[in-house]
Amino acid sequence: MEREVNRLQENLAALLGPDWARDIHGSKLAKRCQELLSKLDARGYFRQWVSNQEKMLTGSLVRRSYVIDIKKDIVGYYAIINYSREMANLHSEIDMLVKLGFQVPRTLTHFAQETRQQYPYASAARTALRTYATIIRQLDAASATLVEPQLVAIAEQIKLAFGNRRVKWDSKSLVKWITELVSHVEALESRVYNLLLLRCQLDDRLHALSLANLGDDLSVH
């Protein structure tokens, strides 16, 4: 778009002469062109983008050692992965900017490479934590007792992300921690599914039994 405006000004200069912008009518058009160019200043937008990303980077580095965060809503506390959508998209944005000829600061490109490598693990952990949160909010007290070993295993796994020996994004044990977290959540999901299946089968049998008893009562009468 910026090139189109510059081409328009060149065409006006070729048509009306080099002093076209000093003309009464030409000056108004020249002013509008400059206003449009200022709005289309890609370098200004790029500087703002770099500023925003550096602020995000600073905030991320402050919490860099934490793989997960603990949040609270009206229901209670829950765990989320410490990996934002902006971090996931950063590498693609930088690739596009480099292709357009912009020089992205090395700190941002290095950070983007790190977050890109972490994305598969972050995605797996996010899915596991969401599944876990969904399940525990649907469990009643009786069902929670039946899956207590699985719940305890997940809680202990999450605790490893905190404390003095907590798992970090750059820890060698990160992959092992996420793999075990996913495994524990899958075990909980499987256990809950089997319990629901058994409950449905029991309900069906009780219903069939009640119908049979009702039939017996009717036949007696």
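Biologist: Leaving aside its neighbours within four places in sequence, with which residues is T109 in contact?

Modeller: The model is predicted, and T109 is found in helix α5. Once the neighbours within four places in sequence are left aside, the contacts of T109 are with I94 and V104.

Biologist: Is T109 buried, exposed or partly exposed?

Modeller: The relative accessibility of T109 is 22%. Buried would require a value under 20%, and exposed a value over 50%. T109 therefore counts as partly exposed.

Biologist: How many Å separate T109 and H91 in space, C-alpha to C-alpha?

Modeller: Along the sequence, T109 and H91 are 18 residues apart. In space, the C-alpha to C-alpha distance is 7.4 Å.

Biologist: At which residue does α4 bend?

Modeller: Helix α4 covers residues 85-99. Its buried residues are M87, L90, H91, I94 and L97. The bend in α4 is about 30°, and it is placed at H91.

Biologist: How many Å apart are the end C-alpha atoms of α4?

Modeller: Helix α4 has 15 residues, so at 1.5 Å a residue it should span 21 Å.

Biologist: Which residue takes a positive phi just after α4?

Modeller: The phi angle in question is about 100°. The residue that takes it, just after α4, is G101.

Biologist: At which residue does α5 bend?

Modeller: Helix α5 has 33 residues and should span 48 Å at 1.5 Å a residue, which agrees with the 46 Å between its end C-alpha atoms. Its bend is about 45°, and a proline, P120, follows within four residues. The bend of α5 is at Y119.

Biologist: Which element supplies the largest share of the largest nonpolar core?

Modeller: The largest nonpolar core holds 39 residues, of which W49, I68 and L181 touch the most other members. Elements that each supply at least two residues of this core are α3, β2, α4, α5, α7 and α8. The largest share is nine residues, and it comes from α5.

Biologist: Not counting residues up to four places away in sequence, which residues does W49 touch?

Modeller: W49 lies in helix α3 and is buried. Not counting residues up to four places away in sequence, W49 touches L90, E93, I94, L97, V104 and L108.

Biologist: Are the rings of F46 and W49 stacked or tilted?

Modeller: A search of the whole structure finds four aromatic pairs. In the pair of F46 and W49, the ring centres are 6.2 Å apart and the planes stand at 15°. Planes under 30 degrees apart count as stacked, so this pair is stacked.

Biologist: How many residues apart are F46 and W49 in helix α3?

Modeller: An α-helix has 3.6 residues a turn, so residues three or four places apart point the same way. F46 and W49 are separated by about one turn of helix α3, and their spacing in residues is three.

Biologist: Are the rings of Y83 and W169 stacked or tilted?

Modeller: The ring centres of Y83 and W169 are 6.0 Å apart, with the planes at 55°. Stacked planes are under 30 degrees apart and edge-to-face planes over 60. The pair of Y83 and W169 is therefore tilted.

Biologist: How many residues apart are Y83 and W169, in their distant parts of the chain?

Modeller: Both Y83 and W169 are buried. Y83 belongs to the loop between β2 and α4, and W169 to the loop between α7 and α8. Their separation in residues is 86.

Biologist: Is Q157 buried or exposed?

Modeller: Q157 is placed in helix α7. Leaving aside neighbours within four places in sequence, Q157 is in contact with W177, E180, L181 and H184. Its relative accessible area is 5%, which means that Q157 is buried.

Biologist: Is K31 buried or exposed?

Modeller: K31 is placed in helix α2, residues 24-39. The relative accessible area of K31 is 56%. Since exposed means over 50%, K31 is exposed.

Biologist: What percentage of the residues in the protein chain is buried?

Modeller: The protein chain contains eight helices and two strands. It has 221 residues, and the buried share of them is 29%.

Methods. Residues numbered from 1 in each chain as written. Predicted model: local features only at pLDDT ≥ 70, side-chain atom pairs only at ≥ 80, totals over all residues. Heavy atoms only, no water. Buried < 20%, exposed > 50% of the residue type's maximum accessible area, 1.4 Å probe, protein only. Core = buried A, V, L, I, M, F, W, Y, C linked by side-chain atoms within 4.5 Å. Contact = heavy atoms within 4.5 Å. Expected span 1.5 Å × (residues − 1). Bend = angle between axes of the 7 residues up to and from the residue. Phe/Tyr/Trp six-rings, centres within 6.5 Å; stacked < 30°, edge-to-face > 60°.
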